[in-house]
Amino acid sequence: MSFKFDEHNKYHRLARTVVITVVSLIVFVCLWWAVSKLANNAAIPEPMETFEALYDLIVNGDSVTGLSLYTYVSSSLSKYIKGFLLALVIALPLGLLLGNFKYLREFVSPWIEVLRPIAPIAWAPIFILLFGYVQGATFVVFIGIFFPLLTNIIFGVSKIDRVLIDASKTLGASNLQIFLKVLIPSTIPYLMNGIKVGLGIGWMCIVAAELYATPLGGIGFYVANMITYGAFPQAYAGIIIIAVLGLLTTGLAEYISKRVSKRMGMDA
């Protein structure tokens, strides 16, 4: 009986979420239509115009450059994934190191606090000039994702109960064993939170970097190019594509986070 009740509640919550989401999106589109009518400005196209442009982009690609939507998205995804992996590879060991050694953390913290508030878009022209367009854009994504990852990992390590470490040492665990069996597992929830935050910021970074792009610059370039031509429905269509990509990546991170938490026995 309890199992059936739980299943019923699960489907009830799912149905409720779907209904609320659909109603919310309908209200959003209605508000969008009302604003476009009141503003009477080409820079705010009506929803139907945008959806028609979105359909045309998906089916026929970009009528200006002749490039397909796949070309734009794959170009952005390539730089995005490289930037994310670079941030993860550097932030994970560095965060574990700084979180575990208090004096080193205090020494490095001023560097982090000086660099962290700088908006990634400010780095875009510098990195592109230094490393070229493709690598420069990758480094913009890297810098945007790196700090949320690093700060979450440092926070996670610093919050580990020292009793666990002392108990491990008492039981004869080596430093390597403590690192692998205590530090890393305890930090994973904070790491996953940093990944979720960083992935969202990463899409803002890639779009900012692609404003300086060549015609093969990705979906961010497409949006900027359409605005230049005054093709605002097409520009809004590109923005919708970016939003969907952002939702997919952060949703994937959320799913993985829940799976990892459940596997580690931390699922609520």
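The model is predicted, so local features need pLDDT of at least 70 and side-chain atom pairs count only at pLDDT 80 or more, while totals for chains, interfaces and linings use all residues. Residues are numbered from 1 along each chain as its sequence is written, and side-chain values use heavy atoms, with hydrogens and water left out.

Begin with the whole chain. The chain has ten helices and zero strands (DSSP runs numbered from the N terminus: helices are H or I, at least four residues; strands are E, at least two). Its C-alpha atoms fill a box of roughly 70 × 65 × 30 Å along the principal axes. Of the 268 residues, 37% are buried (under 20% relative accessible area; exposed is over 50%, partly exposed in between; 1.4 Å probe, protein chains only).

Next, select residues 120-131, which form H5. This helix of twelve residues reaches 15 Å from first C-alpha to last, close to the expected 16 Å (1.5 Å times one less than the number of residues).

Within H5, show the side chains of Trp 123, Ala 124, Phe 127 and Ile 128, which are buried. They lie on the same side of H5 because they cover an arc of only 135 degrees around the axis (taken from the directions from the helix axis to the C-beta atoms). Turn to the face away from this buried side to find Leu 129 and Leu 130, both exposed.
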